[in-house]
Amino acid sequence: MKPTHPGPLVGIVVVMALLTWVVIRPIYSDLPLMPWTAIPTVLLLALGEAYSGWATKARIARKPGTKPVEPLAVARLAALAKASAYAGAVFGGVFAGFALHTVQILDRETPRGEFFVATGSFVSCVVLVCAALYLEHACRIPKEPEDRPRD
């Protein structure tokens, strides 16, 4: 599995934002209100992934007081991180598309509230992507120093 690079994730966000913006324009008034609950939910997921990254990095580095980590568990965490990064980019793009549409009609009360919910959700998705990239980075096997003799 190759490491995830931020470039394609940014591309996904931009494409999804533009697609959402185009689709939302004609049907916005028929849609239900956007729930604010996505913000704390995604932030809790990001917190969990960031903590998992911190703990996994310490366990891989065999810091004192930590147990060795199972290789299969690290592979699963890396897969979770990769999936979370892409899902965060897709949903972040959708929320950015909502924010792009509602920023144009901020003089009305309902779109103003939805703009803040969409923007907060977008920011929480960006935090999730950053936490996922950190978790994926933490799952890498550290390189051995060249001057250290091999067993």
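This is a predicted model: local features need pLDDT of at least 70, side-chain atom pairs count only at pLDDT 80 or more; totals for chains, interfaces and linings use all residues.
**Start with the whole chain.** Show the protein chain as a cartoon and you will find four helices and zero strands. Followed from the N terminus, the elements run α-α-α-α. Now turn the view: along its principal axes, the C-alpha trace spans about 70 × 25 × 25 Å. The radius of gyration is 19 Å, whereas a compact globule of 151 residues would have one near 15 Å.

Of the 151 residues, 32% count as buried. Colour the charged side chains and you will have 15 positive and 11 negative ones, with the centres of the two sets 5 Å apart.

**Now select residues 38-60.** This is helix H2, which holds both Tyr51 and Trp54, three residues apart, or about one turn of the helix. Show their side chains: the ring centres lie 5.6 Å apart and the planes meet at 40°, so this pair is tilted. Are these two residues buried or exposed? Tyr51 is exposed, and Trp54 is too.

**Finally, move to Phe115 and Phe116.** Here the ring centres are 5.4 Å apart with the planes at 65°, which makes the pair edge-to-face. Compare how the two residues sit: Phe115 is buried, at a relative accessible area of 17%, while Phe116 is exposed, at 55%.

Technical notes: Residues are numbered from 1 along each chain as its sequence is written. Side-chain values use heavy atoms; hydrogens and water are left out. Rings of Phe, Tyr and Trp (its six-membered ring) pair if their centres lie within 6.5 Å; planes under 30 degrees apart count as stacked, over 60 as edge-to-face and the rest as tilted. Helices (H or I, at least four residues) and strands (E, at least two) are DSSP runs, numbered from the N terminus. Buried means under 20% relative accessible area, exposed over 50%, partly exposed in between (1.4 Å probe, protein chains only). The radius of gyration is taken over C-alpha atoms; the globule rule is 2.2 Å times the number of residues to the power 0.38. Lys and Arg count as positive and Asp and Glu as negative; His and the chain ends are not counted. The place of a charge is taken as NZ of Lys, CZ of Arg, CG of Asp or CD of Glu.
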